[in-house]
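Here is a briefing on a two-chain model. Please look at the contact between the chains and the charged pairs.

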Amino acid sequence: MIYLNGAIFCGIICLLGELILDNTKLTAGHITSLFVVLGAILSFFGIYDYFTEWAGVASSVPITSFGNLLYKACIEGYYTKGALGLFSNLLSTTSAGICSAIIFAFFITLFCKAKD
Amino acid sequence: MNKDDYKLLVKKYTPSEERLKNALMAFITGALIGIISIIIFQILTSYNIGDKEANVWTIIILIFLASLFTGLGFFDNWVAKVRCGLIIPITGFAHSVTSSALDYKKDGLITGLGANVFKLAGSVILYGIVSAFILAVIKVVLYG
């Protein structure tokens, strides 16, 4: 059952992105930025928690989960460390994604060639 | 039939069919990535890794696979074909970082690779951080 929920959740978010890409002049960069902000807004209203409960790990795969995690880390930082936590905690949960992307990109770039 | 009529006719029929196909492809690819992520997660939890850690490892494995396939050269074709099906999941983030690193490698390690690695993915990080910060401040001001 969790497989079906995860597939539907990821599929629908990708479908929405593709519809925006096809029917407007926005580029892929616009859409990913838009979806991150959307994820933060959904998290702000507490809606993203329902998605996490419903779709499990698949809810953290689309880029919307990036906004969700950023917002949650930021607000949690305020409650644990005060105003400083807004800044110091902001990247705590998304650090794994950003750092792994940078590290893998660097080493793979050293060993691979760009396509002509 | 004159030229304008013909153009209108072409416009009327071709794009909608293409759009339907694109949308379907994006849905199927997105669904597949969702299923793959759950399979990876299930395998990791069966090795006694906690739920939260397994979740992060799943994301890291997906990022690694997307970067590796981009480096090997065939991920670009996949992205060109299914577009949002691979751009919206975290694979798109990894792909944009690795492909801009590869493209600018020829300009040197500092001014090429270093300066351009976030050329495409930078906007995601910037707007993510700014919007999360603003929303958190709003929440703090309104609800304490």
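B:Arg83 is found in the loop between H3 and H4 of chain B; helices are DSSP runs of H or I with at least four residues, strands are E runs of at least two, and both are numbered from the N terminus. The model is predicted: local features need pLDDT of at least 70, side-chain atom pairs count only at pLDDT 80 or more, and totals for chains, interfaces and linings use all residues. Side-chain values use heavy atoms, without hydrogens and water, residues are numbered from 1 along each chain as its sequence is written, and chains are lettered from A and ligands numbered from 1 in the order in which they are written.

**B:Arg83 and its partners**

- Phi of B:Arg83 is near 50 degrees, a positive value in a residue other than glycine.
- Most residues other than glycine have a negative phi.
- B:Arg83 is partly exposed at 28% relative accessibility; buried means under 20% relative accessible area, exposed over 50%, and partly exposed in between (1.4 Å probe, protein chains only).
- B:Arg83 forms a salt bridge with A:Asp22, with the closest N and O atoms 2.4 Å apart; the term means a side-chain nitrogen of Lys or Arg within 4 Å of a carboxyl oxygen of Asp or Glu.
- A:Asp22 is buried, at 17% relative accessibility.
- B:Arg83 also meets A:Glu18 in a salt bridge (3.3 Å, N to O).
- That pair crosses between chains, and A:Glu18 sits in helix H1 (residues 2-23) of chain A.
- A:Glu18 is buried, with a relative accessible area of 0%.
- Shared partners join A:Glu18, A:Asp22 and B:Arg83 into one network of salt bridges.
- B:Asn22, in helix H1 of chain B, touches A:Glu18, A:Asp22 and B:Arg83, not counting residues up to four places away in sequence; contact means heavy atoms within 4.5 Å.
- B:Asn22 is buried, with a relative accessible area of 16%.

**Salt bridges overall**

- The structure holds three salt bridges over all chains.
- Two are counted between chain B and chain A.
- A:Asp49 and A:Lys72 meet in a salt bridge (2.6 Å, N to O).
- A:Asp49 lies in helix H3 (residues 48-55) of chain A and A:Lys72 in helix H4 (residues 64-81) of chain A, so this pair ties together parts that are 23 residues apart in sequence.
- A:Asp49 is partly exposed at 39% relative accessible area, and A:Lys72 is partly exposed at 31%.

**The contact between the chains**

- Chain B gives 64 residues to the contact and chain A gives 62 residues.
- About 5300 Å² is buried between chain B and chain A, with 79% from carbon and sulfur atoms; buried area is the accessible area (1.4 Å probe) that two parts lose on being put together, summed over both.
- In chain B, B:Ile38, B:Ile88 and B:Leu135 lose the most area to chain A, together 12% of what that side buries.

**Helix H6 of chain B**

- B:Gly112, B:Leu113 and B:Asn116 are buried in H6(B).
- They lie on the same side of H6(B), because they cover an arc of only 105 degrees around the axis; the arc is that of the directions from the helix axis to the C-beta atoms.
- B:Leu109, B:Ile110, B:Thr111 and B:Ala115 are exposed on the other side of H6(B).
- The buried residues of H6(B) pack against helix H6 (95-111) of chain A together with H5 of chain B.
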